[in-house]
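This report covers strand pairing and the chain contact. The sequence and model are shown first.

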2 protein chains.
Amino acid sequence: MSELIKKLEWRYATKDFDPTKKVSEADLEEIIEAFRLTPSSFGLEPWKLVIVENPEIREKLQVYSWNQSQITKASHLLVFARVKNIDDNYIDAYFDKSVKITWATREQLSGYENMMKWNFSNMNDDSKSRWARDQVFLALWNVIHFLAQKQIDSCAIWGFDPAKYDEILELDKLGLASVVVLPIWYRSENDKYSSKPKVRFSKDEVVIRK
Amino acid sequence: MSELIKKLEWRYATKDFDPTKKVSEADLEEIIEAFRLTPSSFGLEPWKLVIVENPEIREKLQVYSWNQSQITKASHLLVFARVKNIDDNYIDAYFDKSVKITWATREQLSGYENMMKWNFSNMNDDSKSRWARDQVFLALWNVIHFLAQKQIDSCAIWGFDPAKYDEILELDKLGLASVVVLPIWYRSENDKYSSKPKVRFSKDEVVIRK
């Protein structure tokens with residue numbers, strides 16, 4: 001098996017970590033790049049990545065995260081947020097950007113633009129939220145996979161109060177809503193879970209060939 | 001930027017591909033490994049990977065996929081399916097497997113087992129389906145990221161008739177439901193989209209630091 005698979009084998013939900021090791025700025029730059037390069041439905045990138053280092057802010061967040069220690073002790077806290085309002089203005093900004101970056105003119109893209117505007121104007125807030133959450137999870141997993149390849153540990157947290165996070169991180173003012181939290185760190189050499197074998201279906205149990 | 005980021009830059013939604021190139025069995029083995037190593041909520045792996053090569057089956061599937069040519073022309077067709085019924089039997093099988101693989105005894109795991117059974121017995125079919133779909137999308141993106149690192153092309157397809165897929169692939173008989181389709185192939189050197197720059201938010205537009 002290749003190095004890539006070995007790195008995926010290496011990854012596990014670490015419980016204990018080394019508080020003295022920080023993720024470097026150079027690695028953070030790459031994590032941001034991996035996040036940024038995630039493809040999204042219609043190319044609309046309905047997301048932001050919030051990187052939290054500030055200890056006071058993290059203490060406040062911890063209270064609304066079942067007091068999980070990773071919130072304050074991890075190297076950094078990544079909060080994946082979705083854009084709440086996908087409307088004509090948001091879609092216009094997408095096409096303004098596309099025209100600047102690619103060879104297409106706004107006229108050439110008008111059919112696609114109208115289809116997109118029609119599509120989102122027919123979605124209620126619930127469907128828009130569901131759609132944006134799906135995209136954010138793609139970005140989340142893209143980053144988790146990348147971190148495994150870089151041998152940086154992470155373990156996604158769903159158990160937190162999104163409304164309180166939005167308030168503390170001032171995301172509500174920006175039209176954003178937090179979706180999932182990913183503390184990142186380096187594992188401790190003492191983590192007893194590191195020697196625990198992975199529980200997975202065997203190839204024969206999980207693959208059907210036709 | 002590292003090789004890992006360069007490979008993510010390399011990935012794009014290819015439209016045109018080389019019909020003479022097949023993904024090797026050795027690479028398929030690794031794709032299966034990447035799929036298999038995806039972590040899942042509660043570790044329940046509510047998924048199967050269906051790999052379709054058979055041309056007759058693919059012709060039948062194409063009819064129910066808006067006649068998209070990738071269905072028959074790609075090297076292989078990966079269909080990501082979810083397990084429909086997460087019940088006490090399914091959870092029992094998980095714990096039987098865990099006990100075999102890890103050092104834990106069934107008694108030690110009984111609190112976790114009861115919590116899981118309680119959790120799923122309180123979910124209706126819709127919530128179970130939504131939960132399993134979320135897991136399948138993690139596996140999907142894990143595989144897409146892995147394919148980018150291996151420089152194998154892929155482009156996920158949502159536009160297909162899941163009920164017909166389940167019938168043609170005989171997934172319904174196995175308690176499975178297809179969720180998303182991923183044709184894999186090698187890009188054509190003539191694909192005019194290959195030179196199209198990626199449209200993405202800049203780092204400053206997409207990252208908030210606290």
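In chain A, strand 2 (residues 76-83) and strand 4 (residues 176-185) run antiparallel and are joined by 8 bridges. Strands pair if DSSP finds at least two bridges between them; strands (E, at least two residues) and helices (H or I, at least four) are DSSP runs numbered from the N terminus. A:Leu77 has A:Pro183 as its bridge partner in strand 4 of chain A, and A:Arg82 has A:Ala177.

Of the 10 residues in strand 4 of chain A, 8 are buried (20 or more other C-beta atoms within 10 Å of the residue's own, with C-beta atoms placed from the backbone).

## Basis of the model

This is a predicted model, in which local features need pLDDT of at least 70 and side-chain atom pairs count only at pLDDT 80 or more, while totals for chains, interfaces and linings use all residues. Residues are numbered from 1 along each chain as its sequence is written, and chains are lettered from A and ligands numbered from 1 in the order in which they are written.

The open, mixed sheet has 5 strands in the order 3(A)-4(A)-2(A)-1(A)-5(B). Strand 3 (153-154) of chain A and strand 5 (207-209) of chain B are at the edges with a single partner strand each, so one side of each lacks a neighbour in the sheet.

Strand 3 of chain A pairs antiparallel with strand 4 of chain A over 2 bridges, with A:Ser154 bridged to A:Ile184. Strand 1 (residues 47-52) of chain A runs parallel to strand 5 of chain B, joined by 3 bridges; A:Val50 is partnered there by B:Ile208.

## Chain contact

The contact involves 48 residues from chain A and 47 residues from chain B (C-beta atoms, placed from the backbone, within 7 Å). On the chain B side, helix 7 of chain B gives the largest share, 8 residues.

Technical notes. Buried ≥ 20, exposed ≤ 12 C-beta atoms within 10 Å, placed from the backbone. Contact = placed C-beta atoms within 7 Å.
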